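Here is a short tour for someone meeting this structure for the first time. Have a look at the sequence and the model, then read on.

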Amino acid sequence: MSDLAKTLESIVGAEHLLAGGEARRYAVDDVMPGMAVFPGSVEQVSATLAACSKAKAAVIPWGGGAHMGLGGVPKKVDVVLALGRMNQVLDHEPGDMTSTVQAGTIVDDFQSRLGRHGQFLSLDPSGAARATIGGILAANASGPHRHRYGTARDLLIGLRVVHADGTVTKGGAKVVKNVTGYDMNKLYVGSLGTLGVIVEATFRLYPIPTTERTWVASFSTAAEAREVIGRILGSSLVPSAVELLNDTAAAEVARQLSPVSGLRGVLLAVAIASVPEAVEAQLRSAQTMAREASDALILEGAVHEAFWAAVRNFGPGEGAAMVLKASVLLTKVAEAIERGEHLAAQRGLRVAIISEAGTGILRYYFRGDDDADGLKRLAEVVDPLRLFAVEAKGSLVVLQAPPEVKAVVDVWGPAGKGFTLMRGLKEQFDPGHILSPGRFVGGL
């Protein structure tokens, strides 16, 4: 490793390499890296990976660290490849509504740059003040806007990737167009850096809506809210987000926002974005569909923004914590919330649950005592909740958990019929298995 360190130092410069104890802050699930390197160009990323490949050194890509909790405990971490220096917007064509950006760019910084031209990237993941473009693509992270705009795979039109041997490939284009054949860009989204290191991405953009407001209503139970959600989704309304918060999550969000503090129980939030007249008309329609609601109010301006920031950036809190992400049929969302609450109560845990009720996505924030028994209780809820998700035609993954929990649960769940293809792609793209070893499905 000392020879590799000298080689990498010659590539990125001594001031852009940390070794030994200095690299401790870049530990992945408590696995300490031998060193962390900070390349400033695609050429330096290429040379770094070529050197690591030759030395058979395990490499973990690192953006802002916001989504490093996703994935299995790595088999080893020789080199952390941190891309924070690669943070430039390379191209923005407001007329075409596309932009090309380097992977180390902070999401919020990118949004600020686009906002000057009245446009935005419709991905709104958690931790956007820290998360990077490459990181959210590698983790396939999204947020409430997924309901209207889709995920990264729907917005990505071009990608530049450096492979394990240092080879640089580029796919897609700078304009939005339809082509036949397989879109290779989508292969890297959600692959957690196991197939290659994303260094640049080109996205389709959207105009910032003239007006966006949120209708928030409280219900006694998730089952009551389910009826209203069904009416809204079956209507002509076009929400930009539809979120359902269990009472624990709702109470924590309300503590941050005094206008919402008067609402009690399960909260349903529906955001509408359009011209003012259309927003007003759709909000009135939503209210007429909610006869089961105990109370309701409209959020706008700074309060609207603060509410959605609290939802996006909801955290598990102090102590032993675990975050799970499930996908289920839309008709099973309310039952999935109730199942999570029941499992938590059985094991003496606390759980806050936030669901993207229009897409069937749920995030469970479990909390327990920070001791061996608390960690054991956290681990015990994974399998039964995953079984429910699978029976509801979905899946469940662990987004974040202590290493002690990850060691005794399957972070990703059953690999399924596609695993043979996944393994074949891994062998083709990374035959030396140096990229994020052990982090992906089936230990890839």
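What follows looks at one strand with its partners, and then at one helix.

This is a predicted model, so to speak: local features need pLDDT of at least 70, side-chain atom pairs count only at pLDDT 80 or more, and totals for chains, interfaces and linings use all residues. Residues are numbered from 1 along each chain as its sequence is written, and side-chain values use heavy atoms, with hydrogens and water left out.

Seven of its eight residues are buried, so S10 is largely enclosed by the rest of the structure. Buried means under 20% relative accessible area, exposed over 50%, and partly exposed in between, using a 1.4 Å probe and protein chains only.

| Strand | Bridges to S10 | Direction |
|---|---|---|
| S6 (residues 98–102) | five bridges | antiparallel |
| S8 (residues 156–162) | six bridges | antiparallel |

Thr 98 has Arg 204 of S10 as its bridge partner, while Val 162 sits opposite Val 197 in S10.

Now for helix H1, residues 2–12, where Leu 4, Ala 5, Leu 8 and Val 12 are buried. They span an arc of only 100 degrees around the axis, which puts them on the same side of H1; the arc is that of the directions from the helix axis to the C-beta atoms. The face turned away from that buried side carries exposed Ser 2, Asp 3, Lys 6 and Ser 10. Among what covers the buried residues of H1 are strand S1 (17–19) and helix H2 (42–55), with contact meaning heavy atoms within 4.5 Å. After H1 comes Gly 13, with a positive phi near 95 degrees.

How values were computed:
Helices (H or I, at least four residues) and strands (E, at least two) are DSSP runs, numbered from the N terminus. Two strands pair if DSSP finds at least two bridges between them.
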